[in-house]
Amino acid sequence: MDRSSFDGLFDMSERTVIVTGGTRGIGLALAEGYVLAGARVVVASRKAEACDQAAEHLRELGGEAIGVPTHLGEVDDLGALVERTVAEFGGVDVLVNNAANPLAQPFGQMTVDALTKSFDVNLRGPVMLVQEALPHLKASEHAAVLNMVSIGAFIFAPMLSIYASMKAAMMSFTRSMAAEFVRDGIRVNALAPGPVDTDMMRKNPQEAIDGMVGGTLLGRLATPDEMVGAALLLTSDAGSYITGQVILVDGGGTPR
Ligand SMILES: NC(=O)c1ccc[n+]([C@@H]2O[C@H](COP(=O)([O-])OP(=O)(O)OC[C@H]3O[C@@H](n4cnc5c(N)ncnc54)[C@H](OP(=O)(O)O)[C@@H]3O)[C@@H](O)[C@H]2O)c1
């Protein structure tokens with residue numbers, strides 16, 4: 001390895017990255033990481049004000065960034081997100097399907113509406129967003145898709161049966177797309193976080209959080225920043241020989 005190859009490993013300059021759910025939590029940490037690695041970043045979430053604030057914050061970090069209000073469950077929003085990205089930055093190199101709906105319901109009280117919403121946001125949205133971005137990913141020389149899944153798809157997850165099933169489906173989607181897109185030069189991987197200190201995590205009762213922390217070898221919640229290294233690895237040239245994989249960033253301890 002020479003100096004210029006080494007320096008280029010995690011360099012994301014001249015690349016455009018879309019991060020759904022990039023306005024807080026893990027998504028915002030990833031957006032910050034991409035900006036600091038030189039990328040142009042588009043953050044997308046439901047709330048317009050949150051999108052504006054996150055984009056402003058990313059520009060203050062020294063990057064190029066915009067926010068595009070997007071509801072993952074609204075199919076029309078997905079094409080509009082890609083169109084706006086291309087109009088602003090000329091293409092899409094990396095798509096991070098990060099936003100999700102953490103439906104937690106005991107089985108027996110499941111409603112069709114809740115089930116449908118979970119499907120629309122956690123599976124249909126990310127899948128259709130990949131399809132919308134596909135022509136631009138095919139045109140990129142550094143194309144990568146990163147799907148945020150969860151250790152919920154690996155472990156016994158009471159109350160999370162539907163959310164965990166959607167994440168398991170996203171892992172299967174990841175592998176199929178990796179194989180299908182290989183000739184187009186698009187790598188597709190997934191990142192499965194363990195318990196991370198975000199709004200989503202803090203909605204759980206403390207007893208449940210303690211249980212999740214107790215299931216990790218490291219014995220603590222992750223910070224959102226601790227997801228950045230793996231995300232950059234999977235979507236930069238540092239991960240050029242990695243595709244179709246799920247990397248667990250779980251503090252150790254998830255049975256496989
Ligand atoms: N935190 C954990 O412990 C943990 C563990 C395993 C996996 N994960 C996964 O990591 C990802 C990020 O989780 P997080 O903990 O960072 O969540 P979070 O703190 O709740 O943030 C969620 C982000 O997604 C956006 N969002 C929510 N619903 C959306 C929708 N329907 N359309 C568009 N954007 C939407 C939110 O913004 P708006 O409210 O403005 O829409 C926000 O930016 C998710 O896929 C989650 O399943 C998290």
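Which elements do the buried residues of α6 pack against? They pack against α5 (112-139), β5 (144-148), β6 (187-193), α7 (199-202) and β7 (246-249), where contact means heavy atoms within 4.5 Å. This is a predicted model, in which local features need pLDDT of at least 70 and side-chain atom pairs pLDDT 80 or more, while totals for chains, interfaces and linings use all residues. Residues are numbered from 1 along each chain as its sequence is written, and side-chain values use heavy atoms, without hydrogens and water.

**Overall build**
- The protein chain holds nine helices and seven strands; these are DSSP runs (H or I of at least four residues for helices, E of at least two for strands), numbered from the N terminus.
- Along its principal axes, the C-alpha trace of the protein chain spans about 50 × 40 × 40 Å.
- Among contacts in the protein chain between residues at least 6 apart in sequence, 73% join residues at least 24 apart.

**Inside and charge**
- Of the 256 residues of the protein chain, 49% are buried, that is, under 20% relative accessible area with a 1.4 Å probe, protein chains only.
- The protein chain carries 19 positive and 30 negative side chains, counting Lys and Arg as positive and Asp and Glu as negative, with His and the chain ends left out.

**A look at helix α6**
- Helix α6 covers residues 161-180.
- Its buried residues include Ile 162, Tyr 163, Met 166, Met 170, Phe 173 and Met 177.

Definitions and conventions: Buried < 20%, exposed > 50% of the residue type's maximum accessible area, 1.4 Å probe, protein only. Charge placed at Lys NZ, Arg CZ, Asp CG, Glu CD. Expected span 1.5 Å × (residues − 1).
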